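Please consult the sequence and the structure alongside the numbered points.

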Amino acid sequence: EFPVLFGAYFLMGALGAGLLREVLPRWLAVIAGTGIVMVAFAKEQFFLLPLLLVAAAAPGLWVASRRPVIVLAALAALAVAWHALVPRSPSIAFANRADTYLGVVLPASDDRGATLSKLGLSEPCGQLSGATWYLTRGANLREECPEVLALRSTAFLTLVFSEPRTLARAVARVAPSTQNPLPGNIGMVAREPLGTIATKPWWLRSIWVPAAMLLPAAWYLGLVLFGLALVFPALVFWAATLRRGPDADAHPFAAHGLMLVLVVCYSMATTVFGDGLAESARHNLPGFVAMAAIAVFVPFALDGIGRVGPWLRVAVGVACVAAIAGAVWATAWALRQPIAIGVLDAPPGREVSRQGFLLRGWALDPLRVRVIRIRVGDQEAKLGRDAFFPSPELSRIYGGYPDAKFANFEFAVPAAWLAMPQVPLRIEAENEAGVVSVFDERRLRPVP
């Protein structure tokens, strides 16, 4: 993550300085090229981002600095070929595909059969909906769903027009989990159960993460959706200032704003559809920092709006109102969807004792989990909030969720529920709004 962050600073800073000067001298081009190398070559997730950032700055620099722009664009494009040719461990790609398509996309589908068909997956893959590479529920993914491991990283694009709700629901489920990009622990510390950022000196701590963690997860979800919706006013402002005239002086500012929004959109999209819920906050770190930069950007934007022509003010104003309205609507829609997250820690697989076993896990919802339903065969049990117990490890990572401090649950499944050779298990979380999310399904095999 460090090369990506510093590289983004170098690239966007150099391009912004060039736009202010209306020319990109060699020394700024070298800094921008260094940023491209750091961003695009350090981490496969961001190999296309520099190309987008150069494209945002290119129109403003093209007349005076055509050659440096072409060199930077070629360097950014080279990363595409480099990542295609460099040898990588297949297990990394397998983990990413399983975590994305089994762990996020399939659980977000309204019609699992149709989604499987469009992705080219078989019915056994549908039975693994919600599983991940590391939490396989006792399944051998290489044998039971090998086709998901062979999917391309861009396979989700086949659903853009046919199942936009599936993709939107996937974003709504992952976005709240990116609220705290700092890890729950960074090692071991004497006389402490875990070494967290809180054990470090004040000057090593973040000023943005505590501010973000003050927001409830539902509000943070709305903030993320607003950040994504800002792409429309950013494009309007950028395009309008490209024209020669009284608004041209605002173009460097407009291009900078567009670059920030592009980082937010690109980072969130590649997190959701590249890694799923697995360490989502860490993968979205550049997007989180870009959102913080936008928070600093907005007051300057409000101050500078009077320096552009009236028609541009009206156009940008209308686009901003549309972005706010769209984000509010999208947030209201998202909170009506099954976007709870959870894990069943025990049993780890499918085989359980016929004499009964202890079921243990946790669940979180932006609107707070009201009840957990456990269905084993024809039997059902409900666990209310009074049955939940402390979960300090979750509160460190998912502190924005309203129930993060008490999210663990346990239930002793009796032997009488396990009389059949195979017993279907289903775990549901119902939130305060009555929305039910399914976060575990599997067929148990009771053994002596």
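1. In this note a residue is called buried under 20% relative accessible area, exposed over 50%, and partly exposed in between, using a 1.4 Å probe and protein chains only. The model is a predicted one, in which local features need pLDDT of at least 70 and side-chain atom pairs count only at pLDDT 80 or more, while totals for chains, interfaces and linings use all residues. Residues are numbered from 1 along each chain as its sequence is written, and side-chain values use heavy atoms, with hydrogens and water left out.

2. Arg282, at 31% relative accessibility, counts as partly exposed. Its salt bridges deserve attention; the term denotes a side-chain nitrogen of Lys or Arg within 4 Å of a carboxyl oxygen of Asp or Glu. Helices here are DSSP runs of H or I with at least four residues, strands are runs of E with at least two, and both are numbered from the N terminus. Glu1 is itself partly exposed, at 28% relative accessibility. Arg282 also meets the side chain of Glu279 in a salt bridge, at 2.4 Å from N to O.

3. How many salt bridges does the rule give? The count comes to 19. Salt bridges that share partners join Arg112, Arg370, Arg373, Arg375, Glu380, Arg426, Glu428, Glu430 and Glu441 into one network.

4. A further salt bridge is formed by the side chains of Asp110 and Arg165, at 3.2 Å from N to O. This pair links distant parts of the chain, 55 residues apart: Asp110 is in the loop between helix 5 (90-105) and helix 6 (112-119), and Arg165 is in helix 10. Asp110 counts as exposed at 54% relative accessibility, whereas Arg165, at 43%, is partly exposed.

5. Is Asn431 buried or exposed? At 1% relative accessibility, Asn431 counts as buried; this residue belongs to strand 7 (residues 423-431). Its side chain makes a polar contact of 3.2 Å with that of Asp365. Such a contact is a pair of N or O atoms within 3.5 Å; within protein, one must be able to donate a hydrogen and the other to accept it, and residues adjacent in sequence count only if both atoms are side-chain atoms. The Asn431 side chain also reaches the backbone nitrogen of Ala433 at 2.9 Å. With neighbours within four places in sequence set aside, Asn431 is in contact (heavy atoms within 4.5 Å) with Asp365, Leu367, Arg368, Val369 and Arg370.

6. Helix 17 (residues 310-334) has 25 residues and should span 36 Å at 1.5 Å a residue; the end C-alpha atoms are 35 Å apart, which agrees. The expected span is 1.5 Å times one less than the number of residues. Among the buried residues of helix 17 are Leu312, Val316, Ala319, Ala323 and Trp333. Their cover includes helix 10 (164-174), helix 12 (217-229) and helix 13 (231-241).
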